[in-house]
Amino acid sequence: MKLGIVGLPNVGKSTLFNAIMQGGAEAANYPFCTIDPNVGIVPVPDPRLAVLEEIYQSKSTIPAVVEMVDIAGLVKGASKGEGMGNQFLSHIREVDAIVHMVRCFEDDQIVHVHESVDPLRDIEIINLELALADLELVEKRLAKAGKGGKNNDKLYAREPEALQILQSALAVGTCTRHIKWENPDDHIYADSLNLLTGKPVLYALNVLEHEINENNLDKTDKKTNPFVTTAKAFAEEEGSKAFVICAKIEEEIAALPPEEKSMFLEELGLKQGGLDRIISAGYELLGLISFLTAGPKEVRAWTIRQGLKAPQAAGKIHSDMERGFIRAEVVAFDDLERLGTYNKVKESGLVRVEGKDYIVKDGDVILVRFNV
């Protein structure tokens, strides 16, 4: 999973990235502090791995990973090259989903590029710039549609019509992920262009330290910051996800020793840190799950899309496993945790032998049998 953190300058992107990565992305109080994208690989928090490591006495543990990209602040006119414009937009095309950081706090010490805090205006600026960048790409493709090569391919017979639908939507700033296609197959043309506005979005609503607990993260009440209320309503209306976060607190948490982090979160009334919430929301948004492999050598988590069958999941481990797949021996993690050993699970008749049509579930502990 590859996530790109975007937003206007000075909304807290690099601060959040530093916290997540415990790293050195520069964070300062002026626009375009980030020029090249900061990229880092972070492990997916998964407490099941520690349990399996204990059961199997494994020599190593390898978690699933997420690639996080901190993309420099976009400004009005970015699609036409303002700020660092097109260079920044090209970085966004490479991610699976967008974490859109939105400033939901007032602080005279931190400059806002538009001199006031207005989450809906800020969201609209970013979405419009992404739409205009997509529009330019669609119009270029539309100019070539039906001219040689693919015009004789039956698959592309409807391409001009589909591109015109995209063009009309983008011209008025509509994100292509919101298009309701009358012909369900037409989405392939949008997919082939890897449009920015087609990517799923998580809105990260950045608030001040004293607001993080009263916002209670996932619900809105009378005490809630009005900027958060407005932004959450917008996200819900467009079918996206939004969650409250305090980048400054996440930075403080990241600096703590591991044994103190859970205590600090508990004092704040938080069940999870920002990284856990971003990853959980990203997995849900993209339809991802993790299956596990375990043995004396290593315990490992593997990320796959929901609905994947056993041979294709085995292929994530090694292509030979998919090619020569015979069967999968599957144990539910909950059964292993409850009974404590693989032998007890087997004696209880809870080791399942599954074939090529088995759909892998989150938390399955799998041993693949194959022959090549």
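Here is a chat about a predicted model, covering its sheet, its core and some of its charged pairs.

Visitor: Hi! Where do I start? What order do the strands of the open sheet have?
Guide: Welcome! The open sheet has 6 strands in the order S2-S4-S1-S5-S6-S7, and their pairing is mixed.

Visitor: Which strands stand at the edges?
Guide: Those are strand S2 (38-43) and strand S7 (241-245). Each has a single partner strand, so one side of each is left without a neighbour in the sheet.

Visitor: And what does the twist average from one strand to the next?
Guide: The twist averages 25°.

Visitor: Let me zoom in on S5 and S6. In which sense do they pair, parallel or antiparallel?
Guide: Strand S5 (residues 97-103) and strand S6 (residues 201-206) pair in the parallel sense, over 6 bridges. To find your way in the picture, look for Val102, which stands opposite Leu205 in S6.

Visitor: Which strands does helix H7 touch?
Guide: Helix H7 (residues 226-238) packs on the sheet and touches S6 and S7. The direction of H7 makes about 175° with that of S6.

Visitor: What about H10, which strands does that one lie across?
Guide: H10 lies across strand S1 (2-6), S2, strand S4 (65-70), S5, S6 and S7. H10 runs at about 180° to S7.

Visitor: New topic: the core. How many residues are in the largest nonpolar core?
Guide: That core has 70 residues, and Met68 and Ile278 are those with the most contacts inside it. Helix H10 (residues 274-286) comes back here, as it gives the most to this core, with 6 residues.

Visitor: What does Ile278 touch?
Guide: Leaving aside residues up to four places away in sequence, Ile278 touches Leu3, Leu16, Ile20, Met68, Val99, Leu202, Phe243 and Ile245. In soluble globular proteins, nonpolar side chains tend to be buried together.

Visitor: OK, charges now. How many salt bridges does a search of the whole structure find?
Guide: The search finds 19. One of them joins Asp186 and Arg158, with the closest N and O atoms 2.6 Å apart. Asp186 lies in the loop between helix H5 (159-171) and helix H6 (187-193), while Arg158 lies in the loop between helix H4 (119-144) and H5, so the pair ties together parts that are 28 residues apart in sequence.

Visitor: Is Asp186 buried or exposed?
Guide: Asp186 counts as buried, because its relative accessibility is 2% and the cut-off for buried is under 20%. Arg158 is partly exposed, with a relative accessible area of 27%.

Visitor: Which helix do Glu251 and Lys248 lie in?
Guide: Both lie in helix H8 (residues 247-254), 3 residues apart, which is about one turn of the helix. Glu251 is partly exposed at 28%, and Lys248 is partly exposed at 41%.

Visitor: What links Lys2, Glu67 and Glu94?
Guide: A network of salt bridges links these three residues.

Visitor: Last one: where is Arg93, and what does its side chain contact?
Guide: Arg93 is in the loop between helix H3 (85-92) and S5. The side chain of Arg93 makes a polar contact with the side chain of Asp134, at 3.2 Å. Beyond residues up to four places away in sequence, Arg93 also touches others, including Ala133, Leu137, Leu193 and Lys199.

Conventions
Residues are numbered from 1 along each chain as its sequence is written. This is a predicted model: local features need pLDDT of at least 70, side-chain atom pairs count only at pLDDT 80 or more; totals for chains, interfaces and linings use all residues. Side-chain values use heavy atoms; hydrogens and water are left out. A salt bridge is a side-chain nitrogen of Lys or Arg within 4 Å of a carboxyl oxygen of Asp or Glu. Helices (H or I, at least four residues) and strands (E, at least two) are DSSP runs, numbered from the N terminus. Buried means under 20% relative accessible area, exposed over 50%, partly exposed in between (1.4 Å probe, protein chains only). A nonpolar core is a set of buried Ala, Val, Leu, Ile, Met, Phe, Trp, Tyr and Cys residues joined through side-chain atoms within 4.5 Å. Contact means heavy atoms within 4.5 Å. Two strands pair if DSSP finds at least two bridges between them. Axes are lines fitted to C-alpha atoms, for helices over the stretch in contact, and angles run from 0 to 180 degrees between N-to-C directions. A polar contact is a pair of N or O atoms within 3.5 Å; within protein, one must be able to donate a hydrogen and the other to accept it, and residues adjacent in sequence count only if both atoms are side-chain atoms.
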